[in-house]
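Please read the following points alongside the sequence and the model.

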Amino acid sequence: MDALKESPHVSVNKLGRYLTATPALRKRLIDNQKHPPNPQYLRYPEAAQAITDFLCRGQDESLLRQHQHRLATTVFEQEFDAHRAQLCLEAIEHYRQFHPRLGLRGVVASEVGHEPPPLEMAGVSIRVWPQVVLQSVDRHGHNKVGVMKLYFSKHHPLDERSGQYIATLLQAFAEQHLAPLGPVEPRLVRVVDVFAGREYLAPKARARRLCDVQHACEEIAARWPVQ
């Protein structure tokens, strides 16, 4: 069997929800991570790619329009694929309207890649997988670095606590894996809830949140074999 599928793992978005969830939802989240849907049934890969392309190619809005046009004019054989295209169109449009409020002028974005390394905590692999690396130069000419993670859900928006937990883990990811690019700037660590039109930055107080994450991962690791 695939060792990665057998060992405890969780996506950072699901972990953010887990940390504020009821016991019943926590159990369901672990089960969904252990028995994930087939990748072909993921709902927003085209939207994530469109937004990533837009950010990494100069934030030219015409790029978003091109992706929207392609999705809107493609004829899909399967009903699910047509429905997914409609969801992605909506997600791209939500992001297009929200983007000016992010204040990313002068920030350079580059694609992270398809499988960045996970964070390891208490025997659990946390799949952070931000979409882009963000870099800017401060007034002293020093390079600063951060990351952006997109969150897609029409019916389960992030709350403040979940968003800050995810941002805390994004900052830990950046500090662990992006140090050669320069020091991490917390203001460049962004979680964007696309449908809700909200962003969450890495909070200054991280010790308690990281302790909460540690305890949650211990719980996930303990439940994993019997889930």
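1. A residue is called buried when its relative accessible area is under 20%, exposed when this is over 50%, and partly exposed in between, using a 1.4 Å probe and protein chains only. Glu 175, with a relative accessible area of 37%, is therefore partly exposed.

2. The model is predicted: local features need pLDDT of at least 70, side-chain atom pairs count only at pLDDT 80 or more, and totals for chains, interfaces and linings use all residues. Residues are numbered from 1 along each chain as its sequence is written, and side-chain values use heavy atoms, with hydrogens and water left out.

3. A salt bridge is taken here as a side-chain nitrogen of Lys or Arg within 4 Å of a carboxyl oxygen of Asp or Glu. By this rule there are 15 salt bridges. One of them pairs Arg 206 with Glu 175, with 3.3 Å between the closest N and O atoms. Arg 206 lies in the loop between strand 8 and helix 8, whereas Glu 175 belongs to helix 7, so this pair ties together parts that are 31 residues apart in sequence. Helices (H or I, at least four residues) and strands (E, at least two) are DSSP runs, numbered from the N terminus.

4. Arg 57 is bridged to Asp 53, where the closest N and O atoms are 3.2 Å apart. Arg 57 is exposed, because its relative accessibility is 51%, whereas Asp 53 is buried, because its value is 15%. Lys 144 forms a salt bridge with Asp 138, and here the closest N and O atoms are 3.9 Å apart. Asp 138 has 23% relative accessibility and so counts as partly exposed.

5. The packing of two helices comes next. Axes are lines fitted to C-alpha atoms, for helices over the stretch in contact, and angles run from 0 to 180 degrees between N-to-C directions. Helix 7 (residues 160-177) packs against helix 8 (residues 207-223) at an angle of about 95°, and their axes are 10 Å apart. Helix 7 is therefore roughly perpendicular to helix 8; that term covers 65 to 115 degrees, while angles under 35 count as roughly parallel, those over 145 as roughly antiparallel and the rest as oblique.

6. Which residues make this contact, in the sense of heavy atoms within 4.5 Å? From helix 7 come Gln 164, Tyr 165, Thr 168 and Leu 169, and they meet Arg 208, Arg 209, Leu 210, Asp 212 and Val 213 of helix 8. By class, the contact of helix 7 with helix 8 has four nonpolar, two polar and three charged residues. Here Ala, Val, Leu, Ile, Met, Phe, Trp, Tyr, Cys and Pro count as nonpolar, Asp, Glu, Lys and Arg as charged, and the others, Gly among them, as polar.

7. Gln 164 is buried, because its relative accessibility is 19%. Leaving aside residues up to four places away in sequence, Gln 164 touches Tyr 200, Pro 203 and Arg 209.

8. Two strands pair if DSSP finds at least two bridges between them. Strand 7 (residues 190-193) and strand 8 (residues 198-201) run antiparallel and are joined by four bridges. Tyr 200 in strand 8 is the bridge partner of Val 191. Four residues lie between the two strands of this hairpin, and Gly 197 in the turn has a positive phi of about 65°.

9. Where does strand 5 (residues 132-137) lie, enclosed or open? Strand 5 is largely enclosed by the rest of the structure, because five of its six residues are buried. Four bridges connect strand 5 to strand 2 (residues 108-111), and the two run antiparallel. Strand 5 is also antiparallel to strand 6 (residues 143-151), with six bridges joining them. Their hairpin has five residues between the strands, and Gly 141 takes a positive phi near 85° there.

Terms used. Contact = heavy atoms within 4.5 Å.
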